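The sequence and the model come first, and the description follows.

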Amino acid sequence: MYLAEAASGGGAGGSSTFLLIFMGLAIVAMLFMSSRARKKQAAATEFRSTLHAGQEVMTTSGMFGTVVHVDGDKVTLISSGGQESVWLLAAIAKLVENEPEAPEQEDDEVEDEALPPTDLGINPNPSRDDTAR
């Protein structure tokens with residue numbers, strides 16, 4: 001009803017009411033998004049303030065490494081290849097959770113598995129007859 005009045009120009013009170021409601025909803029939405037962003041930023045700051053040597057982390061660019069030293073707003077990481085690099089503290093995105101290692105399979109179990117068919121003729125039981133060529 002308000003939209004029809006605003007579109008037809010039939011009532012200045014209707015269009016101003018619609019505008020006020022729309023502006024109120026926009027302000028509420030902006031406050032809600034701002035509140036969520038502040039909470040997220042506070043959590044990231046808390047995480048970065050607790051970094052210490054030995055923790056596995058991932059940077060914002062996707063590099064994985066182990067924290068060697070934290071000095072103010074600089075963090076020294078060592079990669080899996082043994083290369084050390086210095087990063088800005090804000091570039092540390094998250095802590096890497098170590099996944100539990102899967103139990104190792106015995107060699108006997110691997111030998112029992114069937115070989116996949118190949119075009120090289122290595123599989124002793126081919127799925128099609130290639131001898132008719």
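## Thr76 in the sheet

Thr76 is buried, because its relative accessible area is 16% (buried means under 20% relative accessible area, exposed over 50%, and partly exposed in between, with a 1.4 Å probe and protein chains only). This residue belongs to strand β3. Leaving out residues up to four places away in sequence, Thr76 touches Thr66, Val67, Val68, His69, Glu84, Ser85 and Val86; a contact means heavy atoms within 4.5 Å.

The model is a predicted one, in which local features need pLDDT of at least 70 and side-chain atom pairs count only at pLDDT 80 or more, while totals for chains, interfaces and linings use all residues. Residues are numbered from 1 along each chain as its sequence is written, and side-chain values use heavy atoms, with hydrogens and water left out.

## The chain as a whole

The chain contains 3 helices and 5 strands, arranged along the sequence as α-α-β-β-β-β-β-α. Helices (H or I, at least four residues) and strands (E, at least two) are DSSP runs, numbered from the N terminus.

Of the 133 residues in the chain, 13% are buried. The chain exposes about 11,000 Å², and carbon and sulfur atoms supply 58% of that area; accessible areas come from the Shrake-Rupley method with a 1.4 Å probe, and for residues only the protein chains shown count as cover. Among contacts between residues at least 6 apart in sequence, 31% join residues at least 24 apart.

## The sheet

The 5 strands form an open sheet in the order β4-β3-β2-β1-β5, with antiparallel pairing. Strands β4 and β5 (92-95) stand at the edges with a single partner strand each, so one side of each has no neighbour in the sheet. On average, neighbouring strands of this sheet are turned by 45 degrees against each other, direction ignored; axes are lines fitted to C-alpha atoms, for helices over the stretch in contact, and angles run from 0 to 180 degrees between N-to-C directions.

Two strands pair if DSSP finds at least two bridges between them. Strands β1 and β2 are antiparallel and pair over 3 bridges, with Gly65 in β2 as the bridge partner of Val57.

## The two hairpins around β3

Strand β2 (residues 64-71) pairs with strand β3 (residues 74-78) in the antiparallel sense over 5 bridges. Asp71 stands opposite Lys74 in β3. The hairpin of β2 and β3 has 2 residues between the strands, and Gly72 takes a positive phi near 65 degrees there.

On to the next strand: β3 and β4 (residues 84-88) run antiparallel and are joined by 5 bridges. Val75 stands opposite Trp87 in β4. This hairpin of β3 and β4 has 5 residues between the strands, with Gly82 at a positive phi near 90 degrees.

Ala53 lies in the loop between α2 (12-49) and β1 (56-59). Its relative accessibility is 49%, so Ala53 counts as partly exposed. Setting aside neighbours within four places in sequence, Ala53 is in contact with Val67 and Val68. The C-alpha atoms of Ala53 and His69 are 5.6 Å apart, although these residues are separated by 16 residues along the chain.

A search of the whole structure finds 1 aromatic pair. Phe18 and Phe22 form this stacked pair, at 6.5 Å centre to centre and 20 degrees between the planes. Rings of Phe, Tyr and Trp (its six-membered ring) pair if their centres lie within 6.5 Å; planes under 30 degrees apart count as stacked, over 60 as edge-to-face and the rest as tilted.

Phe18 and Phe22 are separated by about one helical turn, because they are 4 residues apart in helix α2. Phe18 has a relative accessible area of 36% and is therefore partly exposed.
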